[in-house]
Amino acid sequence: MEVLIREHAEAGCILGAKIIARVVRDKPTAVLGLATGRTPLRLYQELIRLHRDEGLDFSRITTFNLDEYVGLPATHDQSYRYFMRENLFQHINIDQGRTHVPDGTAADIHEECRSYERKIEAAGGIDLQLLGLGRNGHIGFNEPTGSLRSRTWVKILSEQTLRDNSAVLGSLAAMPKHALTMGIGTILDARRILLLAFGPAKVRAVERMVEGPLAAICPGSALQLHPRATMILDENSAAGLQYADHYRWIDSQKLPWQRYE
Ligand code: F6R
């Protein structure tokens, strides 16, 4: 794992946007895996700025989002399809037909999961998968103790996740309890992983993901298996890391071609 610690989330998001922008410039037909939630919002704003001010071109980019709530139509203001349109897609020159979010209203939800996997494969696989990290260590909506080899599937959200996300949805009662999510196996197939985790609430999950044992109790720890995973943290989320100084040292010794900024 490449662990990059920045003082604040702001610098972390700008760095994350730089990494994605480089992928988009190097491969204008890249396939990006995207995430929702609070963490990537600032990163998306920076991508929008790079598009507007520097002409970053998304016209041939394809995207696959990690997850979607079961039962929420794309028009629902809490659906992840809606989130993506509001916070990124409508502000850049992406072809909406190339953007994919699992359909939480599909009549045959299991077929929707299988078909999502087929679409990712047909697109040539994901070049870079952006991830956030749940307070309980989840990635996508793969909650603790789910299979580390899972493919896109339907998951029941943990009570912790329901509580964390109900702030956005207004109330616990309004929260859908199920979601379609890429599996951990799907995520690990991406050629590159970029995970962002900020703030003190993520400290324990970060510690277990980076330095803990590889274990289904912390789904994020599966990323230890990935040959090209970059974790961008802030001082708060990195506060529990035993080897924080080692990661800083590595970061400071990079050769010019290994640097992003
Ligand atoms: C979002 C997703 C989730 C979030 C995680 C962190 O598509 O799959 O795993 O990344 O719950 O959420 P925030 O960023 O709101 O703390």
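Residues are numbered from 1 along each chain as its sequence is written, and side-chain values use heavy atoms, with hydrogens and water left out. Because the model is predicted, local features need pLDDT of at least 70 and side-chain atom pairs count only at pLDDT 80 or more, while totals for chains, interfaces and linings use all residues.

The largest nonpolar core holds 34 residues, and Leu195, Leu223 and Leu241 touch the most other members. A nonpolar core here is a set of buried Ala, Val, Leu, Ile, Met, Phe, Trp, Tyr and Cys residues joined through side-chain atoms within 4.5 Å. Buried means under 20% relative accessible area, exposed means over 50%, and partly exposed lies in between (1.4 Å probe, protein chains only). Two or more residues of this core are given by each of strand E1 (2-6), helix H4 (109-122), helix H6 (184-188), strand E9 (193-197), helix H7 (203-210), strand E10 (229-234) and helix H8 (244-252). The largest share, four residues, comes from H7. These elements are DSSP runs numbered from the N terminus, with helices (H or I) of at least four residues and strands (E) of at least two. What does Leu241 touch, once its neighbours within four places in sequence are left aside? Leu241 is in contact with Val3, Val206, Glu207, Val210, Glu211, Leu233 and Tyr247, where contact means heavy atoms within 4.5 Å. Apart from this core lies another, of 33 residues, including Leu4, Val23, Phe83 and Leu88.

The next topic is empty space. Rolling a probe the size of a water molecule over the atoms shows where such space is left. The search uses a 1 Å grid over the protein atoms alone: a cavity is a set of points where a 1.4 Å probe fits but cannot get out, a pocket is an open set with protein on both sides within 12 Å along at least five of seven lines, and lining residues have an atom within 4 Å of a point. Grid points are joined across faces, edges and corners, and a volume is the space filled by probe spheres set on the points.

The largest pocket contains about 680 Å³ of space. Its lining is made of 35 residues, and Thr36, Gly37, Arg38, Thr39 and Asn165 lie nearest its centre. Strand E4 (67-69), helix H3 (80-87) and helix H5 (159-169) are the elements that give two or more residues to this lining. Sorted by class, the lining has 16 nonpolar, twelve polar and seven charged residues. In this sorting, Ala, Val, Leu, Ile, Met, Phe, Trp, Tyr, Cys and Pro count as nonpolar, Asp, Glu, Lys and Arg as charged, and the others, Gly among them, as polar.

The second largest pocket has a volume of about 290 Å³. Of the 15 residues that line it, Arg22, Val23, Asp26, Arg192 and Arg228 lie nearest the centre. Helix H1 (residues 9-26) provides the largest share of this lining, four residues. By class, this lining has five nonpolar, one polar and nine charged residues.

A few single residues complete the picture. Thr99 lies in strand E5 (residues 99-100) and is buried, with a relative accessible area of 4%. The side chain of Thr99 makes a polar contact with the side chain of Arg81 (2.8 Å) and reaches the backbone oxygen of Gln96 at 2.7 Å. A polar contact is a pair of N or O atoms within 3.5 Å; within protein, one must be able to donate a hydrogen and the other to accept it, and residues adjacent in sequence count only if both atoms are side-chain atoms. Not counting residues up to four places away in sequence, Thr99 touches Thr63, Arg81, Phe89 and Ile94.

Leaving aside neighbours within four places in sequence, Asp164 is in contact with Arg38 and Arg135. Asp245, in helix H8, is exposed at 61% relative accessible area, and its side chain makes a polar contact with the side chain of Arg248 (3.2 Å).
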